[in-house]
Amino acid sequence: MNTEELGTFGARYAAAWCSQNAESVAAFFEEKGSLEINAGLPSVSRAAITAAAQSFMTAFPDMIVSMDEVSANEGGAVFRWTLVGTNSGPGGTGNRVRISGFEEWKFGKNGLVGESRGHFDEADYQRQLSGR
């Protein structure tokens, strides 16, 4: 992908996270792609990625994910993002959160994400959820 294509891909990916349609997020991944969040167990396959995305969408029905930057690196790209939303889903705290993070992408043979390793400050996220 050239720089312009990567920028378009990243913007569309961020929009998918805002859509409240988890399958639209998974569509950016290879069929057997993986999404790992903060070194947790990876969600492997579009079905598993759909479930992971849905958990955030359910917890944050007003979630907005903004692309801060996307840049190519050796073997893939880095997608930097900011998430803003209110934890008003079932069992939610009602607290608003704003977290930034990034995903390290490796692309698969079909030009989709084959592997994504996501990172954000878990302690800050938990602090904002609890309102402390």
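Good morning, colleagues. Please keep in mind that the model before you is predicted. I begin with the fold. The protein chain contains 4 helices and 6 strands, and from the N terminus these elements follow the order α-α-β-β-α-β-β-β-β-α. The radius of gyration is 14 Å, close to the 14 Å that the globule rule gives for 132 residues, so the chain is as compact as a globular protein of that length. Its C-alpha trace spans about 40 × 25 × 25 Å along the principal axes. Of the 132 residues, 39% count as buried.

I turn now to the aromatic rings. The structure holds 14 aromatic pairs. Consider Tyr13 and Phe28: their ring centres are 5.5 Å apart and their planes stand at 75 degrees, so this pair is edge-to-face. Because Tyr13 belongs to helix α1 (residues 3-18) and Phe28 to the loop between α2 (22-26) and β1 (29-37), the pair ties together parts that are 15 residues apart in sequence. Tyr13 and Phe28 are both buried.

A second example is the tilted pair of Phe60 and Tyr125, with 6.3 Å from centre to centre and 50 degrees between the planes. Here distant parts of the chain are linked: Phe60 lies in the loop between α3 (46-59) and β3 (64-73), and Tyr125 in helix α4 (residues 122-130), 65 residues apart. Phe60 and Tyr125 are buried as well.

Which residues form one aromatic cluster? They are Phe9, Tyr13, Trp17, Phe28, Phe29, Phe56, Phe79, Trp105 and Phe107.

Finally, I mention a charge over a ring: the charged end of Arg80 sits over the ring of Phe102, 5.2 Å from the ring centre. Thank you for your attention.

Note on methods
Residues numbered from 1 in each chain as written. Predicted model: local features only at pLDDT ≥ 70, side-chain atom pairs only at ≥ 80, totals over all residues. Heavy atoms only, no water. Phe/Tyr/Trp six-rings, centres within 6.5 Å; stacked < 30°, edge-to-face > 60°. Helix = DSSP H or I, 4+ residues; strand = E, 2+ residues; numbered from the N terminus. Buried < 20%, exposed > 50% of the residue type's maximum accessible area, 1.4 Å probe, protein only. Lys NZ or Arg CZ within 6 Å of the ring centre and 35° of its normal. Rg over C-alpha atoms; globule rule 2.2 N^0.38 Å.
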